[in-house]
Amino acid sequence: MTTSVPLVRPDNLHLAGGHSVRAVFESQQTTALRWRLSTVGQRIARIRKLRDAVLAAAPALRIAAAADFRKPEAEVNLTEIFTVVSEANMAIRRLKRWMKPTRVGFSPLMAGTRGSIEYQPRGRCLIIAPWNYPVNLSFCPLVLALAAGNTAIIKPSEMTPNLAAEMQKIIDESFPSDEVAMFQGESDVAQALLDLPFDHIFFTGAPALGKVVMAAAARHLTSVTLELGGKSPTIIDASADLKAAAHNVCWSKFMNNGQTCIAPDHLFVHDSVADEFLDLVRERLAEVFGKDDDARFRSPDLARIVNARHTSRVRRLLDDARARGATVVVGGDVREEHCYVSPTVLEGVPADAAILQEEIFGPLLPVIRFDELDAVIDRINGGDKPLALYVWGKDRARIRRVLDRTSSGGACVNNTVVQALHPLLPFGGVNYSGLGSTHGEFGFRAFSHARAIADTRVGMVHLFFPPYTARVKRIIEMTLRWLT
């Protein structure tokens with residue numbers, strides 16, 4: 001005998017205050033229509049309200065992040081609170097310029113018509129955020145949605161419940177639900193939201209889930225911004241400043257215990273400098289996190305893996321690599337009961353190992369030695385386009401060769417991850433690693449519709465109207481010759 005499972009519908013799911021998903025969604029339609037006429041000052045006021053609420057909640061957010069996965073206070077400040085405040089301040093300073101209609105140039109065929117582009121709010125927006133940087137990846141898109149004049153519903157991850165609870169307080173105290181609302185829950189809540197005809201969906205998460213979101217959006221022809229991930233390679237060339245590279249990689253890879261979509265996923269290190277580079281990595285890890293397994297386990301500067309399931313997944317990648325002959329250069333300590341995996345560097349990983357096929361999203365760093373740069377470029381091009389690519393070296397011609405012959409969402413030269421911190425650069429992936437861009441003006445545009453306005457003062461197009469007499473045909477032929 002089979003048991004039927006009740007269909008989860010948007011009107012069956014409720015906020016803490018008793019409002020259903022559908023009721024909130026429908027209530028935001030009236031607000032969205034009204035907000036089409038919102039002024040710069042009104043939008044800035046909403047952004048300020050969110051920014052100030054995040055700053056006021058900072059102590060509670062730090063406590064919640066520690067409770068969820070022992071995220072260090074400094075990392076909460078840098079990667080969660082600072083990023084939201086920075087995005088908000090950028091929008092406050094530049095929103096008037098972003099909203100200003102853009103005049104387009106003169107076209108001979110359009111003599112007498114003035115062309116411009118006006119940026120309209122898309123309307124009701126859905127923001128689905130992941131667990132690794134919950135505050136950042138919920139509220140930075142929200143800042144940009146508000147800047148563009150939209151309402152929003154946020155779905156945070158259920159894997160960081162303490163942070164989600166504090167974020168819920170921020171939203172509930174800052175906005176009525178017909179402006180901004182947050183729904184917590186698991187996949188049934190996400191599915192109920194995806195069943196609704198939002199005007200735009202902003203999703204951050206794994207590529208596999210990005211495909212689900214895009215398929216759901218296609219049912220309503222909803223526009224999407226997909227911030228996904230992938231395996232971001234890092235090249236340490238022979239001419240690199242090895243100490244700077246080692247220190248930087250140890251920071252960016254093991255921040256948040258490797259649970260960062262733009263973290264270096266694997267390293268290609270030139271064989272002539274590989275031994276020296278690995279020695280520098282060992283030294284740096286000892287300096288920062290401790291000289292042995294127990295010291296690293298006790299380090300206050302290492303977050304934990306978010307839950308037991310993900311810890312088991314990371315351990316499986318490590319065990320598979322070892323079983324296939326990989327050597328642990330440093331680390332390798334796993335304590336599943338504590339959701340702990342130490343910063344681990346591996347060498348001799350065969351190409352068919354799972355760790356080189358799947359996105360790692362944990363503190364495991366495979367190192368691959370190389371002699372020929374072209375072989376590395378071919379290997380990068382043989383996989384999915386990554387979210388980020390990093391190259392270290394002083395030979396500008398070789399660096400240019402890497403940048404010209406590869407494709408990635410973003411790239412850094414002699415640095416890592418800072419492309420996501422630069423407020424004037426677009427952040428986003430390409431193909432498998434994402435669709436669309438965010439941050440600053442690019443995020444404002446993502447949440448806006450660029451509406452073409454053709455304002456005719458003196459009409460000329462009537463010269464081409466039928467019936468196509470000899471005179472009209474001559475005008476068309478003369479125009480064609482003139483254009484060519």
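Is phenylalanine 82 buried, partly exposed or exposed? Its relative accessibility is 45%, so phenylalanine 82 counts as partly exposed. The legends below describe close-up views of a predicted model.

Figure 1. Phenylalanine 82 is found in helix H4, which spans residues 73-99.

**Figure 2. Seven strands form an open sheet.** The order of the strands is E10-E13-E14-E9-E8-E15-E16, and their pairing is mixed. Strand E10 (327-330) and strand E16 (410-413) stand at the edges; each has a single partner strand, so one side of each is left without a neighbour in the sheet. On average, neighbouring strands of this sheet are turned by 25° against each other, direction ignored. Strands of a sheet pair through backbone hydrogen bonds, either parallel or antiparallel.

**Figure 3. Strands E13 and E14 run parallel.** Strand E13 covers residues 344-347 and strand E14 covers residues 364-370, and four bridges join the two. Glutamate 347 stands opposite valine 367 in E14. Glu347 also belongs to a network of salt bridges that links it with Asp271, Asp275 and Arg369.

**Figure 4. Aspartate 265 and lysine 231 meet in a salt bridge.** Their side chains are 2.6 Å apart, N to O. Aspartate 265 lies in the loop between H9 and E9, and lysine 231 lies in the loop between strand E7 (223-227) and E8, so the pair ties together parts that are 34 residues apart in sequence. Aspartate 265 has 3% relative accessibility and therefore counts as buried. Lysine 231, at 16%, counts as buried because the cut-off is under 20%.

**Figure 5. Arginine 324 and aspartate 352 meet in a salt bridge.** The N to O distance is 3.2 Å. Arginine 324 is in the loop between helix H12 (308-323) and E10, while aspartate 352 is in the loop between E13 and E14; the pair links distant parts of the chain, 28 residues apart. With a relative accessibility of 40%, arginine 324 counts as partly exposed.

**Figure 6. Glutamate 80 forms a salt bridge with lysine 71.** The closest N and O atoms are 3.2 Å apart. Both residues, glutamate 80 and lysine 71, are buried. The structure holds 25 salt bridges.

Note on methods: Residues are numbered from 1 along each chain as its sequence is written. This is a predicted model: local features need pLDDT of at least 70, side-chain atom pairs count only at pLDDT 80 or more; totals for chains, interfaces and linings use all residues. Side-chain values use heavy atoms; hydrogens and water are left out. Two strands pair if DSSP finds at least two bridges between them. Axes are lines fitted to C-alpha atoms, for helices over the stretch in contact, and angles run from 0 to 180 degrees between N-to-C directions. Buried means under 20% relative accessible area, exposed over 50%, partly exposed in between (1.4 Å probe, protein chains only). A salt bridge is a side-chain nitrogen of Lys or Arg within 4 Å of a carboxyl oxygen of Asp or Glu.
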